[in-house]
Amino acid sequence: MVLLKFRTIFLGSFDTPVHGSVVSGNIPVTGWALDDIGIVSVKIKRDPVAGDPGGVIGPDGLVYIGEAVFIRGARPDVEAVYPGYPNADRAGWGYMMLTNFLPGQGNGVIRLHAIVEDTSGQIVDLGVRVITCENAYRVKPFGTIDTPRHGGLISGDAFVNFGWALTPSPKKIPRYGSTINVIIDGKNVGHPTFDQYREDIATLFPGYINSDGAVGYFIFDTTQYENGVLRSLGAQRITKVMLMGLAPVFLRYTTGL
Ligand SMILES: [Ca+2]
């Protein structure tokens with residue numbers, strides 16, 4: 001664990017992905033952070049690469065990827081060591097990164113940063129993790145859950161769970177969604193309605209058999225669940241003997257509020 005301490009009294013660590021690792025599909029970007037007065041955000045960014053349009057590079061010289069979510073109770077080890085810090089029980093942060101969205105459709109070397117900002121606007125970079133993305137030869141399906149948002153709050157009796165999935169040719173995903181299972185809290189609750197068109201996916205990932213129908217949705221009654229944390233995992237079964245995940249997409253949300 002790399003421990004960093006700064007004049008503005010940030011503490012934190014950038015834990016995964018492991019420096020130098022080779023990755024594909026969805027990967028968890030995780031770590032922890034605490035500050036003397038409190039943290040506003042942890043933003044996952046990357047160094048620019050050749051071919052990046054100028055517009056995507058921010059004033060700090062980095063390209064924004066996404067916002068990490070703080071998860072209460074995820075890092076009791078940190079809380080035990082630093083109990084006096086604001087939000088010590090929610091020091092752990094995470095972002096599920098779909099590497100296929102990275103340059104070259106997720107092929108090449110990427111230098112990741114985790115940028116922490118405190119409530120006074122002080123900013124610190126928790127460090128760089130260099131990873132090699134290799135999606136070109138990947139045979140597993142890939143995709144993500146778009147709603148609910150990671151760490152979001154949901155309620156109501158007809159929540160629409162959206163996601164999308166593609167798989168490398170020559171394989172295809174059956175159009176009726178029969179091989180995609182929606183799993184909530186470890187229980188298989190059914191198949192989504194699949195084969196829906198979405199322009200951004202069709203444009204970004206052309207040439208797959210399901211490119212023009214990669215989106216699926218599943219409507220469920222959140223009031224059937226106790227208030228609290230739900231973990232959801234969309235999985236696709238490719239053959240009878242292989243359960244190939246869309247890589248776990250863990251959601252933490254509260255129902256019925
Ligand atoms: Ca501070």
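**Entry 1: the two cis prolines**

I started with Pro170, which I found in the loop between strand 12 and strand 13 (180-184). The peptide bond joining Ser169 and Pro170 is cis, with omega about 10 degrees. I keep in mind that this is a predicted model.

Then I looked up Pro17, in the loop between strand 2 and strand 3. A cis peptide bond joins Thr16 and Pro17 as well, and omega there is about 5 degrees.

**Entry 2: the overall count**

I stepped back for the totals. I get three helices and 18 strands for the protein. Of its 257 residues, 34% are buried. I also checked the contacts between residues at least 6 apart in sequence: 62% of them join residues at least 24 apart.

I traced the strand order next and got 3-10-9-5-6, an open sheet of five strands with mixed pairing. Which strands stand at the edges? Strand 3 (22-23) and strand 6 do, each with a single partner strand, so one side of each has no neighbour in the sheet.

I then went through the pairings of strand 5. Strand 5 (residues 39-46) runs antiparallel to strand 9 (residues 107-118), and seven bridges join them. Strand 5 is also antiparallel to strand 6 (residues 63-67), with four bridges between them.

For residue-level checks I picked Arg46. In strand 9, Leu112 stands opposite Arg46; in strand 6, Val63 does. I also looked at Lys43, whose bridge partner in strand 6 is Glu67.

**Entry 3: the largest nonpolar core**

I wanted to know what the largest nonpolar core is built from. I count 41 residues in it, and those with the most contacts inside it are Ala33, Ile44, Ala68, Trp93, Tyr95 and Val116. Strand 8 gives the largest share, five residues.

Why does the core lie between the domains? I checked domain 1 (4-134) and domain 2 (142-245), and both give residues to this core, so it lies between them. As background, I noted that nonpolar side chains tend to be buried together in soluble globular proteins.

**Entry 4: Tyr95 and Val29**

Beyond its neighbours within four places in sequence, Tyr95 is in contact with Val29, Ile44, Gly66, Ala68 and Val69.

Val29 was my next stop, and its place is in strand 4. Is Val29 buried or exposed? I find 22 other C-beta atoms within 10 Å of Val29, and the cut-off for buried is 20 or more, so Val29 is buried.

Not counting residues up to four places away in sequence, Val29 touches Thr16, Pro17, Ile44, Ala68, Gly94, Tyr95, Met97 and Leu112. That list brings me back to both residues of the cis bond between Thr16 and Pro17, and to Leu112, which stands opposite Arg46. I ran the distance from Val29 to Ala68 too: they are 39 residues apart in sequence but 8.2 Å apart in space, C-alpha to C-alpha.

Gln196 has Val215 as its bridge partner in strand 16.

Last, I looked at backbone angles. Asp195 is in strand 15, and its phi is near 70 degrees, positive in a residue other than glycine. I find 16 other C-beta atoms within 10 Å of Asp195, so it is partly exposed.

Gln105 also has a positive phi without being glycine, near 55 degrees. Gln105 lies in helix 2 (residues 103-106). With 14 C-beta neighbours inside 10 Å, Gln105 counts as partly exposed.

Terms used. Residues numbered from 1 in each chain as written. Predicted model: local features only at pLDDT ≥ 70, side-chain atom pairs only at ≥ 80, totals over all residues. Pairing = 2+ DSSP bridges. Core = buried A, V, L, I, M, F, W, Y, C linked by C-beta atoms within 7 Å. Buried ≥ 20, exposed ≤ 12 C-beta atoms within 10 Å, placed from the backbone. Domains from an automatic or database assignment. Contact = placed C-beta atoms within 7 Å.
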